[in-house]
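Let's take a walk through a protein chain together. Have a look at the sequence and the model first, and then we will go through some of the contacts.

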Amino acid sequence: MNKFYTVEEYAKLKNVTDKTVYEWVKENKLNEINLSHKISKLVYEPTDSTKKNIAIIAFSNLKGGCGKTTLATHFAALLSIIGFKVLLIDTDHQNQCSMFFPQQPYELTIVDVLKGKINIQDCIYKTSTKTSEIDIIYSDFALSLFVPMLNDRDRLKKSIDPIIDNYDFIIIDTSPNFDIVSQNVARISTHIIIPIKLETLHIQGMEHNLLGLEQVAQIDTNKVIGIMPNIVELQLAQQRAIFNLLSEKYPNLLFMHEGLLIPKDPELPKVVDFNTTIFDFRPKSRGSSAIKRALHETLRRI
Ligand SMILES: Nc1ncnc2c1ncn2[C@@H]1O[C@H](COP(=O)(O)OP(=O)(O)OP(=O)(O)O)[C@@H](O)[C@H]1O
Ligand SMILES: [Mg+2]
């Protein structure tokens with residue numbers, strides 16, 4: 001798996017100066033990620049393109065409406081903007097990832113992927129916005145009808161294994177429940193992010209999610225690399241109180257610094273009306289900057 005470092009971290013690791021690290025970037029011995037001039041650059045070592053070691057990141061929370069789809073889609077788009085090859089998989093029967101991209105006809109969906117009898121390449125569609133270009137596996141309402149027929153918790157892994165090496169990142173959006181599809185996702189993911197709203201019901205959803213990952217999907221909960229507060233309004237006393245409580249209870253998991261909290265941004269819900277992402281619709285908005293910071297922190301935690 002690629003490891004991502006700030007220039008300072010990499011210099012310390014290699015016992016060289018920051019200047020040397022920048023020279024290595026210029027000489028293409030190191031790759032650089034520049035999300036915005038306000039966010040420190042990240043560097044990573046080039047990998048053998050025939051032997052990719054990809055990150056599969058799922059967004060998961062049993063509570064609905066915390067921003068799983070919004071964040072999964074924007075992470076996928078942003079990773080593409082900074083040059084990575086990305087596959088976005090929608091595993092929620094609501095099929096809402098599709099709303100962030102220009103509409104196009106498609107026949108095959110995650111249901112076909114989970115049935116496993118098709119060529120996986122045929123289920124992958126190309127889509128793009130002004131600034132991003134990703135591959136996507138769409139979902140469909142029929143997924144909810146198919147769930148009772150699925151009894152293999154590793155079906156998704158078996159289906160997508162042949163194409164995994166085509167990508168640097170696979171991003172997965174999940175539904176707000178812990179059915180067998182979500183268990184498939186938990187098992188294939190290398191990393192899991194739990195977005196939450198700073199509300200009591202969301203904390204409960206997050207804690208049930210952690211239990212489900214461990215006891216139902218039987219995965220190592222160390223895969224959970226972040227609890228990501230979203231739609232944040234810290235001026236509200238209740239949100240501030242919940243934030244303080246979470247900081248004490250999950251000091252390592254919580255995306256904690258105030259700069260890392262994703263604020264409530266009224267521009268974000270609008271993007272789906274234009275079938276695009278915030279990076280094209282309002283690139284300078286608070287939401288756009290906050291999602292960039294959240295991705296920066298996520299890459300550092302991988
Ligand atoms: N930072 C934000 N600021 C304002 N609105 C937001 C933000 N993030 C998400 N939203 C809005 O909140 C609503 C719920 O977001 P989203 O659909 O991404 O949640 P979800 O967790 O995927 O929900 P579900 O569990 O139903 O799939 C949407 O209307 C979305 O536009
Ligand atoms: Mg959703």
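Which residues are linked with K126 in a network of salt bridges? The network joins K85, K126 and D135. Here a salt bridge is a side-chain nitrogen of Lys or Arg within 4 Å of a carboxyl oxygen of Asp or Glu. Before going further, keep in mind that this is a predicted model, in which local features need pLDDT of at least 70 and side-chain atom pairs count only at pLDDT 80 or more, while totals for chains, interfaces and linings use all residues. Residues are numbered from 1 along each chain as its sequence is written, chains are lettered from A and ligands numbered from 1 in the order in which they are written, and side-chain values use heavy atoms, leaving out hydrogens and water.

Between K126 and D135, the closest N and O atoms are 3.0 Å apart. K126 counts as exposed because its relative accessibility is 59%, whereas D135 is buried, at 7%. Buried means under 20% relative accessible area, exposed over 50%, and partly exposed in between (1.4 Å probe, protein chains only).

By the salt-bridge rule, the count comes to 14. Another of these pairs is R282 and E267, whose side chains meet at 3.0 Å, N to O. This pair links distant parts of the chain, 15 residues apart: R282 is in the loop between α10 (278-281) and α11 (286-301), and E267 is in the loop between α9 (237-249) and α10. Helices (H or I, at least four residues) and strands (E, at least two) are DSSP runs, numbered from the N terminus. R282 is partly exposed, at 38%, while E267 is buried, at 18%.

In helix α11, R301 forms a salt bridge with E297, with 2.8 Å between the closest N and O atoms. The two residues are four apart in the helix, so about one helical turn separates them.

Now step back to the whole chain, which is divided into domain 1 (1-46) and domain 2 (52-301); these bounds come from an automatic or database domain assignment. The contact (heavy atoms within 4.5 Å) takes 14 residues from domain 1 and 15 residues from domain 2. Across this interface the rule finds one salt bridge, and the side chains of E9 and R300 meet in a salt bridge at 2.2 Å, N to O.
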